[in-house]
Amino acid sequence: MMNRSRAFAALLVVLGVSAPADTGFTAPKTLLSMTTGSVTSQPIGHYEFCRQHREECSVKSKPGALPRLTPHGWDVVREINLSVNSSITPVTDADAYGRKEVWAYPVDVGDCEDFVLLKREKMMKAGFSPADLLITVVRKPDGEGHAVLTLRSAQGDFVLDNLVNDVKLWTETPYTYLKRQASFDTGRWVTIENRTTDVMVGALD
């Protein structure tokens with residue numbers, strides 16, 4: 001799948017959303033990016049989503065240089081985050097589907113995972129690689145489980161969140177980061193090691 005990864009990288013440059021990564025961002029990597037660990041459990045909602053969308057959960061990628069976002073790329077990221085937040089009304093899965101945990105592409109209503117799926121889809125259509133768009137499970141300060149979209153870049157890991165319209169560096173959010181999709185396999189999940197506590201997160205586990 002290396003050719004596919006290279007093709008995504010080339011497309012990013014052509015579309016103007018990223019530039020070569022070796023352009024000199026010198027802040028410590030530990031402050032910019034999440035440190036991932038071993039393969040861990042896949043959330044049940046994502047497992048069921050993958051049964052219906054197998055092609056989206058079978059993308060393999062090999063390690064490579066992260067894309068460096070251009071000013072135009074940042075505009076695309078912010079516009080997608082804002083447009084999805086504005087167009088989808090947040091509701092629980094119980095209210096939307098009559099079930100406790102459903103991950104699906106929303107039309108006009110959805111919960112946090114649905115926001116993430118739609119943003120990820122729009123970002124890929126804009127030219128971003130699935131290896132750099134990772135569904136991420138976090139814990140909010142009140143202890144409730146939540147899902148956000150992590151955008152990996154040479155400038156760091158940034159978070160697209162349905163609760164706020166600003167796209168922020170992950171360390172600037174109030175969350176405890178638990179696990180996320182693996183960058184090397186869209187159907188696998190890995191732990192996040194540089195988090196603050198170990199917790200269980202209900203249906204998102």
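**View 1. Ring pairs link W170, Y175 and Y177 into a cluster.** In this predicted model, local features need pLDDT of at least 70 and side-chain atom pairs count only at pLDDT 80 or more, while totals for chains, interfaces and linings use all residues. Residues are numbered from 1 along each chain as its sequence is written, and side-chain values use heavy atoms, with hydrogens and water left out. Rings of Phe, Tyr and Trp (its six-membered ring) pair if their centres lie within 6.5 Å, and planes under 30 degrees apart count as stacked, over 60 as edge-to-face and the rest as tilted. By this rule there are five aromatic pairs.

**View 2. F49 and Y105 form an edge-to-face aromatic pair.** The ring centres of F49 and Y105 are 5.7 Å apart, with 70° between the planes. F49 belongs to helix α3 (residues 44–52) and Y105 to the loop between α5 (93–97) and β5 (109–110), so the pair ties together parts that are 56 residues apart in sequence; helices (H or I, at least four residues) and strands (E, at least two) are DSSP runs, numbered from the N terminus. F49 is buried at a relative accessible area of 3%, whereas Y105 is partly exposed at 23%; buried means under 20% relative accessible area, exposed over 50% and partly exposed in between (1.4 Å probe, protein chains only).

**View 3. W170 and Y177 form an edge-to-face aromatic pair.** Here the rings stand 5.2 Å apart, centre to centre, with 90° between the planes. W170 counts as buried at 6% relative accessibility, and Y177 is also buried, with a relative accessible area of 2%.

**View 4. In helix α3, the residues G45, H46, F49 and C50 are buried.** They cover an arc of only 135° around the axis, which puts them on the same side of α3; the arc is that of the directions from the helix axis to the C-beta atoms. The buried residues of α3 are covered by elements that include α6, β6, β10 and β11, where contact means heavy atoms within 4.5 Å.

**View 5. Seven strands form an open sheet with antiparallel pairing.** The order of the strands is β2-β11-β10-β6-β7-β8-β9, and two strands pair if DSSP finds at least two bridges between them. Strands β2 (36–40) and β9 stand at the edges, each with a single partner strand, so one side of each is left without a neighbour in the sheet. Within the sheet, β10 and β11 pair in the antiparallel sense over four bridges, and R180 has V190 in β11 as its bridge partner.

**View 6. Strand β8 (residues 156–160) is mostly covered, with five of its five residues buried.** Strand β7 (residues 145–153) runs antiparallel to β8 and is joined to it by five bridges, with D157 in β8 as the bridge partner of R152. A hairpin through two residues joins β7 to β8. Two bridges connect β8 to strand β9 (residues 168–169), again in the antiparallel sense, and L169 in β9 is the bridge partner of F158.

**View 7. The largest nonpolar core holds 39 residues.** A nonpolar core is a set of buried Ala, Val, Leu, Ile, Met, Phe, Trp, Tyr and Cys residues joined through side-chain atoms within 4.5 Å. In the largest one, V77, M123, F128, L151, L160 and Y177 touch the most other members. At least two residues of this core come from each of α3, α4 (71–87), α6 (112–125), β6 (133–139), β7, β8, β10 (176–182) and β11 (185–192), and the largest share, six residues, comes from α6.
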